[in-house]
Number of protein chains: 2
Amino acid sequence: MALILTFLGKGGTGRTTIAIAAAKKLSSLGQRVLLVGQDPGPAFGLLLGAIPSSDHQEIAPNLQVVQLQTTRLLERGWEEVKSLEAQYLRSPTLKNVYGSELGILPGMDSALALNALREYENSGHYDVIIYDGSGDQATLRMLGMPEILSWYIRRFRKVVEDSDVWKSISPFIQPVTSAILNVSWTGESFAQEPTKQANTLLEQGKAALADPNRVASYIVTSGDLAALATAKYLWGSAQQVGLTVDGILLNQTPVTQPLAAEFEPLDVSALPSLSSADGWQPLIDALPDFKKASQAPRPITIDIPGRQVGLFLPGFDKKQVKLTQSGPEITVEAGDQRRNILLPPQLAGQSVKGAKFQNNYLTLSL
Amino acid sequence: MALILTFLGKGGTGRTTIAIAAAKKLSSLGQRVLLVGQDPGPAFGLLLGAIPSSDHQEIAPNLQVVQLQTTRLLERGWEEVKSLEAQYLRSPTLKNVYGSELGILPGMDSALALNALREYENSGHYDVIIYDGSGDQATLRMLGMPEILSWYIRRFRKVVEDSDVWKSISPFIQPVTSAILNVSWTGESFAQEPTKQANTLLEQGKAALADPNRVASYIVTSGDLAALATAKYLWGSAQQVGLTVDGILLNQTPVTQPLAAEFEPLDVSALPSLSSADGWQPLIDALPDFKKASQAPRPITIDIPGRQVGLFLPGFDKKQVKLTQSGPEITVEAGDQRRNILLPPQLAGQSVKGAKFQNNYLTLSL
């Protein structure tokens, strides 16, 4: 199973350079590494000193590189959609729409990149996949997608099934589906098979993100005030999508006592700049051991006998965290992220009796 | 009508600082300015020296500021969806889903921000709206959304109407709709009203983007090689979504002859850094006149009698531009953007007889 490693931080703090250095380091240690660049612009190739393409290619022993191209990924994805349609529909309708016509809408970059990461991980060809994304909220939205999409499916499936509209439509489903579908489904099981397939994918994504030995992140910052504040903000926001942050990389800035205290209990490493004289080696040597087992606090811990849910939310104060229980689940809002907490069966449907915010933890008593 | 102004460029080149300086400049000249921050993190407020919120507030005469919060925008949008549903459905199904439960999926930030910009523009309260977004591909995807979404609607509407599935379903539409809808629609006009409303909005968005006096952009870059290459790439990519780029802002870098030649025919301005001694004034004084009529090349020009389409694509070479005519329209692919060119009726359906790439222009002969 591959480790997916990504770097968060304010733009211009050197995330891409550090991602490249990490790829060089891990591959030189014998790990089979794939370095994935998300931004289609020329900066990635310039910093890499190679010309990456949308097909992965080896640029050094054990080191493969790919620069994602959403237009390509969309074309491939569209072919899969068409073959799925042909599988289910008696008379496919999409065959005359070509992948090469499709424009890119907001969100497609993230959804297709996440799917590409999943496929690279499944291939079994890599020990480490380093994802150089935008490193901001957009990367968090991408990684949070399996959990949030599962919530939408779970919640709206119930709403639809309980609705009068569904009751009005369902008698018509059977005659309609038998006219258009290749397979015969009754009203209730309509769309069950595709939903089951989607749910399996989403559950796999959630399981990967919940395991810090499968998806890990580090935050890169300079000593600049805005970069440091962004680092702290992203540290808290990452927890909201269930992403563990394993350490802080201080780019071209020495580690001081107050700085280390800001990011307690994480390891803070100082990194030197790339110099034309010494090349990559000093930077590579200063990087932490990315493969060591994570010691970082987990985003969520559920204590069933104690009836408590602990949420690690560093960098936020009490006023910045909002707790609601308007729907069937508990919703935690912080950092412009919303997380719906699906409780284990033993605690499901319980209301929150108390909430305490202390030492970066929000503790809910049920 | 307000001018929407945005700044593109690599992260860390000072886009937000320049957006703030532009807001200060224009408001001091008596323009009613709204400064819109997209990223929910703390950097925007730190650089601004104020605490912005998700409600717009005046921080100086003529200068209002808002920091978008997607969770808030989604809640408001959801209320509108529910009231639309209640308007059309006899028995609304969504009333039990609360806006405060909804998580954010990739793409929602952009879609909701674009809608917020539209509403601010429509309010008539502002002469200039300065949008401080991520300044990269994501901002371009957002601004390109009306054109691309119109294409999807146009293309798939036709596919659906021509499909056997539609022919199988349509006899059932009338009984079903009369059971669930408040309004009576025949099969053909089903969904016509909402589609018409959506199309009007999208056409308005396209018209705004096509007018350089309504939506304008500048590219910010430092003298760093990766930043300069990114600037050039974004210059070309912006054309692909129909966004005019009016000038280049060289942050803390002098204008040299080779640099100016790189961005010919655009104006290139050198900007000083913010200094604690002199504050914002030197930077404000060095900014170009954002309200002057645009002299920049237009992304697309169509010469009907000459049967030619000219596409301005700076920064790309011939090999990086792909032309296809697989569907009913001409598709131009460059910079991981795809543009489908809807030709005027006089040229519609014509195939491309020749394509020439010269002096940053791709000229298609029909």
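A charge sits over a ring if NZ of Lys or CZ of Arg is within 6 Å of the ring centre and within 35 degrees of the ring normal. Select Lys24(A) and Trp280(A): the lysine lies over the face of the tryptophan, 4.9 Å from the ring centre. In chain B, Lys24(B) lies over the face of Trp280(B), also at 4.9 Å from the ring centre.

This is a predicted model, in which local features need pLDDT of at least 70 and side-chain atom pairs count only at pLDDT 80 or more, while totals for chains, interfaces and linings use all residues. Residues are numbered from 1 along each chain as its sequence is written, chains are lettered from A in the order in which they are written, and side-chain values use heavy atoms, without hydrogens and water.

Next, the aromatic pairs. Rings of Phe, Tyr and Trp (its six-membered ring) pair if their centres lie within 6.5 Å; planes under 30 degrees apart count as stacked, over 60 as edge-to-face and the rest as tilted. The count over all chains is 22 aromatic pairs. Select Tyr120(A) and Tyr126(A), an edge-to-face pair with 6.3 Å centre to centre and 75 degrees between the planes. Both Tyr120(A) and Tyr126(A) are buried (under 20% relative accessible area; exposed is over 50%, partly exposed in between; 1.4 Å probe, protein chains only).

Move to Phe312(A) and Tyr361(A): their ring centres are 5.1 Å apart and their planes at 45 degrees, so the pair is tilted. Phe312(A) counts as buried at 3% relative accessibility, and Tyr361(A) as partly exposed at 29%.

Finally, select Trp78(A), Trp151(B), Tyr152(B) and Phe156(B), which form one aromatic cluster.
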